[in-house]
Amino acid sequence: MPPLSSSPIYFGNFLVTPQVFHKTAHSFALVNIKPLLPGHVLVSPLRAAKRLSDLNHAEITDLFLTVQQVGRMVERVYGASSLNIAIQDGPAAGQSVLHLHTHIIPRQSSDLDEQGGSDAIYGMLEGDDGDIGRHLWENSRKRPQFPKVDDSSRKPRTESEMAEEAQRLAQEMTRQHL
């Protein structure tokens, strides 16, 4: 399946075109380099706005409609019963890539019991595990290995793994009743 866009799509300074699985007039959805849980994806405006307050009416409407559509698909595909939808709006709030983005994380009952319960997701988002900017930067530098993290089951994915998931999710978006 060819990329969804003939022109490059950037997330901050990072070229992410192969990771994009859905694109609208003002937004795009992409797979995450290091998902906190299976199916953790991002939705971002096409324009590299840093903060939610930087979006105009059309962009904010499109962003949240896209979050809703992608959330439905992710919930269905990953068998989730709930979603975490989060925006870290600015560096003091934990935003690691200065390009507004919304995290969509499919959840299931008891999925984080071993990490302290369902609220553990917030610490994961704010900690090193959720530092998307660092992981993207390290991947762009083509380092052979990422630093070790406490959760050994969470490994950074290769570009081909992310592109494969993006293609699969793009097909699922076409099946989604929008």
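At the start of helix 1 in this predicted model, a side-chain oxygen of Asn56 comes to within 3.1 Å of the backbone nitrogen of Ala58. Just past the helix, Gly79 adopts a positive phi of about 60 degrees.

Quite a few residues of helix 1 are buried, among them Leu63, Thr66, Val67, Val70 and Val74. An α-helix has 3.6 residues a turn, so residues three or four places apart point the same way. The buried residues of helix 1 pack against several elements, including strand 4 (27-31), strand 5 (41-45) and helix 4 (159-175).

Strand 4 is largely enclosed by the rest of the structure, because five of its five residues are buried. Ser27, Ala29 and Val31 lie on one side, with Phe28 and Leu30 on the other, so to speak covering both faces. A hairpin of three residues links strand 3 to strand 4, and the two pair in the antiparallel sense over three bridges. Strand 4 also pairs with strand 5, again antiparallel, over five bridges. Phe28 takes part in both pairings: Lys23 is its bridge partner, and Ser44 in strand 5 stands opposite it.

Then there is the largest nonpolar core, with 21 residues, in which Phe21, Val41, Val43, Val70 and Leu169 touch the most other members. Strand 4, strand 5, helix 1 and helix 4 each supply at least two of its residues. Beyond its sequence neighbours within four places, Val43 is in contact with residues including Phe28, Leu63, Val67, Val70 and Ile104.

Notes: Residues numbered from 1 in each chain as written. Predicted model: local features only at pLDDT ≥ 70, side-chain atom pairs only at ≥ 80, totals over all residues. Heavy atoms only, no water. Buried < 20%, exposed > 50% of the residue type's maximum accessible area, 1.4 Å probe, protein only. Helix = DSSP H or I, 4+ residues; strand = E, 2+ residues; numbered from the N terminus. Contact = heavy atoms within 4.5 Å. Polar contact = N/O pair within 3.5 Å; in protein donor to acceptor, adjacent residues only side chain to side chain. Core = buried A, V, L, I, M, F, W, Y, C linked by side-chain atoms within 4.5 Å. Pairing = 2+ DSSP bridges.
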